[in-house]
Amino acid sequence: MTYALELKGLRKNFGKTEIIRGVDLAVEAGERVGIIGPNGAGKSTLFNLISGRLAPSSGEVLLHGQRIDGKKPFEVNRLGLSRSFQITNIFPKLSVFENLRCGVLWSLGYRYTFLRFLSNLDDANERAELLVRQVGLEKKRDVQAVNLTYAEQRALEIGITIAGGAQVILLDEPTAGMSKTETAHFIALIKQVTVGKTLLTVEHDMGVVFGLADKIAVVVYGEIIAFDTPAAVRANSRVQEAYLGSAVADAQGGGH
Ligand SMILES: Nc1ncnc2c1ncn2[C@@H]1O[C@H](COP(=O)(O)OP(=O)(O)O)[C@@H](O)[C@H]1O
Ligand SMILES: [Mg+2]
């Protein structure tokens, strides 16, 4: 079968240090994968390798069966993979609507010649209006991004991430810095706007990741030591020894 995303023998060195040490992963279309692991394990680096920000030292990245390793980020994006960053990536002086329209136009810009691009402006406006509603910012449509709350800015960023219609979405710690209430609301939003898409989310809150993901990949020291259902990962003794331990007990024990 063709996977939505496949990593084969992926390795990355920085200087003499091997940070990603032979990662294999196969994600089916429509699957939601949570990626967990200690700080510095290599989760963001993995996303950088997938999204084209970094080229692997060796190994392959396949998107819908097509090799994308070594391609530029915009090329990877054009092929249907979109990524959000830990740092928000919005234009502060532009309104919510304008930010989303930029996201739509940016993705169209690489696909269309200028004339076709112009004839697609109406489509872009329509699509941006839809995105405003999808991320729940109707009431803030004309507010400058800088004047949004933190949680609203993150919602806007999700909108920008999905603006181009990518089928594979990578989110790096989307709920970082949010309160528990904001996090719960935000996870529901992420689930809604990514229905039918393939989603990979780096998340360190165990309660959150176990609620969001169909499967969990555990990254420890540049390797994936487990890739399985949340239940199986909880029960995996290697995972417990290497990393989870009390964190899993907390999530199970309703400590949240
Ligand atoms: N561009 C880089 N150059 C050198 N070292 C890096 C670079 N990016 C990340 N690292 C190192 O790689 C390791 C993994 O980092 P990272 O992928 O950000 O971890 P995580 O996201 O799991 O916390 C860390 O030790 C980090 O210092
Ligand atoms: Mg990181």
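Buried stands for under 20% relative accessible area, exposed for over 50%, and partly exposed for what lies in between (1.4 Å probe, protein chains only). Helices (H or I, at least four residues) and strands (E, at least two) are DSSP runs numbered from the N terminus. Val96 touches Val132, Leu137, Lys140, Arg141, Val143, Leu148 and Leu156, when residues up to four places away in sequence are not counted; contact means heavy atoms within 4.5 Å. In soluble globular proteins, nonpolar side chains tend to be buried together.

Residues are numbered from 1 along each chain as its sequence is written, while chains are lettered from A and ligands numbered from 1 in the order in which they are written. Because the model is predicted, local features need pLDDT of at least 70 and side-chain atom pairs count only at pLDDT 80 or more, whereas totals for chains, interfaces and linings use all residues; side-chain values use heavy atoms, with hydrogens and water left out.

Now for the protein as a whole. It contains 11 helices and 10 strands, and buried residues make up 46% of its 256 residues. Among contacts between residues at least 6 apart in sequence, 67% join residues at least 24 apart. The protein exposes about 12100 Å², and carbon and sulfur atoms supply 50% of that area; accessible areas come from the Shrake-Rupley method with a 1.4 Å probe, and for residues only the protein chains shown count as cover.

Next comes ligand 1. The residues around ligand 1 are Phe14, Ile19, Pro38, Asn39, Gly40, Ala41, Gly42, Lys43, Ser44 and Thr45, where a residue is near a molecule if one of its heavy atoms lies within 4 Å of it. By class, this shell has four nonpolar, five polar and one charged residues. In this scheme Ala, Val, Leu, Ile, Met, Phe, Trp, Tyr, Cys and Pro count as nonpolar, Asp, Glu, Lys and Arg as charged, and the others, Gly among them, as polar. Helix α1 (residues 43-51) gives the most to the shell, with three residues. A polar side-chain atom of Thr45 lies 2.6 Å from an oxygen atom of ligand 1.

Helix α1 deserves a look of its own. It is mostly covered, with eight of its nine residues buried. Thr45 is found in this helix and is buried, with a relative accessible area of 12%. Leaving aside neighbours within four places in sequence, Thr45 is in contact with Lys12, Phe14, Ile19, Ile20 and Leu54. Asn48 also has its place in α1 and is buried, at a relative accessible area of 13%. The side chain of Asn48 makes a polar contact with the side chain of Arg83 (2.5 Å). A polar contact is a pair of N or O atoms within 3.5 Å; within protein, one must be able to donate a hydrogen and the other to accept it, and residues adjacent in sequence count only if both atoms are side-chain atoms. After α1 comes Gly52, whose phi is positive, near 90°.

His64 is found in the loop between β4 (58-63) and β5 (66-67) and counts as partly exposed, at 41% relative accessibility. Tyr221 lies in the loop between β9 (215-220) and β10 (223-228) and is exposed, with a relative accessible area of 55%.
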